[in-house]
Amino acid sequence: MHVQEWLETVPAVSIYALVGLVIGLESLGIPLPGEIILVSAALLASQHGEIDPFILGACATAGAIIGDSIGYAIGRKGGRPLLAWLGGKFPKHFGEGHIATAERSFEKWGMWAVFFGRFVALLRIFAGPLAGVLQMPYWKFLIANVLGGILWAGGTTAVIYYVGVVAESWLKRFSWLGLVLAVLFGVGSMLVLKRKAKKSQGAVREVETVGAGE
């Protein structure tokens, strides 16, 4: 069976649940491709009337807000030992350089780091737990979390769905291209952040070396 024909047989409620679950787990602090899943689902909704884009956007938004809130609670309770544990389990995502980059963003932007972090692949993983670890007041976190979740999840769903509808005939011939572009965008943003993280990690080590020499 062709992939697109198979997707047509998947119940819409399963798509809603999958999108909400993956985005929620990613926001909670588990490295998952939430953006790719959301873009793919929105493109699918633009081509199949069974999937309601409003319900899809609502599920994605709910997953983002709830996941971030749980991540905040875990980070607030676990503190820095939690970050050290995550660094040992997921060094590619929670290494010293990544933590240093995220912390500098929080120190500079405060609650806006939570808001804008929603739009950057790896920062979506950090935002909730790190805000909790750094003891950000919950009301500030909640405002940034809700606004960022609505704008990112709802906005992404609306834009991708609209593009899919406008270019429906073209996408039917090249339905795989939208997913490829989404993957390239996600990989590109991760590579940029990883490069910044490596620079930050080098700076941290240099400071530690200077401190040890003194």
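Reader: How many Å does α3 reach from its first C-alpha to its last, and what is expected at 1.5 Å a residue?
Author: In this predicted model, helix α3 has 14 residues. At 1.5 Å a residue, the expected reach is 20 Å, and the reach from the first C-alpha of α3 to its last is close to that, at 20 Å.

Reader: What span should α2 have, and what is the distance between its end C-alpha atoms?
Author: Helix α2 has 17 residues, and at 1.5 Å a residue these should span 24 Å. The model agrees with this expectation, because the end C-alpha atoms of α2 are placed apart by 24 Å.

Reader: Which residue just after α2 takes a positive phi?
Author: The buried residues of α2 include G20, G24, E26 and S27. Just after this helix there is a residue with a phi of about 130°, and that residue is G29.

Reader: Which residues does I15 touch, not counting residues up to four places away in sequence?
Author: Not counting residues up to four places away in sequence, I15 touches V10, A41, L44, I51 and L56.

Reader: Is Y16 buried or exposed?
Author: Y16 is found in helix α2, and, leaving aside neighbours within four places in sequence, Y16 is in contact with E50, I51, D52, I55, L56 and C59. Its C-alpha atom is separated by 7.8 Å from that of A60, which is 44 residues apart from Y16 along the chain. Buried means under 20% relative accessible area. Y16 has a relative accessibility of 11%, so Y16 counts as buried.

Reader: With which residues is G67 in contact, leaving aside its neighbours within four places in sequence?
Author: The place of G67 is in helix α4, where G67 is buried with a relative accessible area of 3%. G67 and G29 are 38 residues apart in sequence, yet their C-alpha atoms are 8.2 Å apart in space. Leaving aside its neighbours within four places in sequence, G67 is in contact with G24, S27, L28 and A62.

Reader: Why does the pair of Y72 and F141 count as stacked, and what is the angle between their planes?
Author: The structure holds 7 aromatic pairs. In the pair of Y72 and F141 the ring centres are 4.6 Å apart. Planes under 30 degrees apart count as stacked, so the pair of Y72 and F141 is stacked, with its planes at 25°.

Reader: Where is Q135, the residue with a positive phi although it is not a glycine?
Author: Most residues other than glycine have a negative phi. Q135 has a positive phi of about 60°, and Q135 is partly exposed, with a relative accessible area of 42%. Its place is in the loop between α8 (121–133) and α9.

Reader: Which element has the lowest mean pLDDT?
Author: The protein averages a pLDDT of 75, and 63% of the residues score at least 70. Where pLDDT is low, the predicted coordinates should not be read in detail. Over residues 207–212 pLDDT stays under 50. Among the elements, α2 has the highest mean pLDDT, at 90, and the lowest, at 54, belongs to helix α10.

Notes:
Residues numbered from 1 in each chain as written. Predicted model: local features only at pLDDT ≥ 70, side-chain atom pairs only at ≥ 80, totals over all residues. Heavy atoms only, no water. Contact = heavy atoms within 4.5 Å. Helix = DSSP H or I, 4+ residues; strand = E, 2+ residues; numbered from the N terminus. Expected span 1.5 Å × (residues − 1). Buried < 20%, exposed > 50% of the residue type's maximum accessible area, 1.4 Å probe, protein only. pLDDT = per-residue confidence, 0-100. Phe/Tyr/Trp six-rings, centres within 6.5 Å; stacked < 30°, edge-to-face > 60°.
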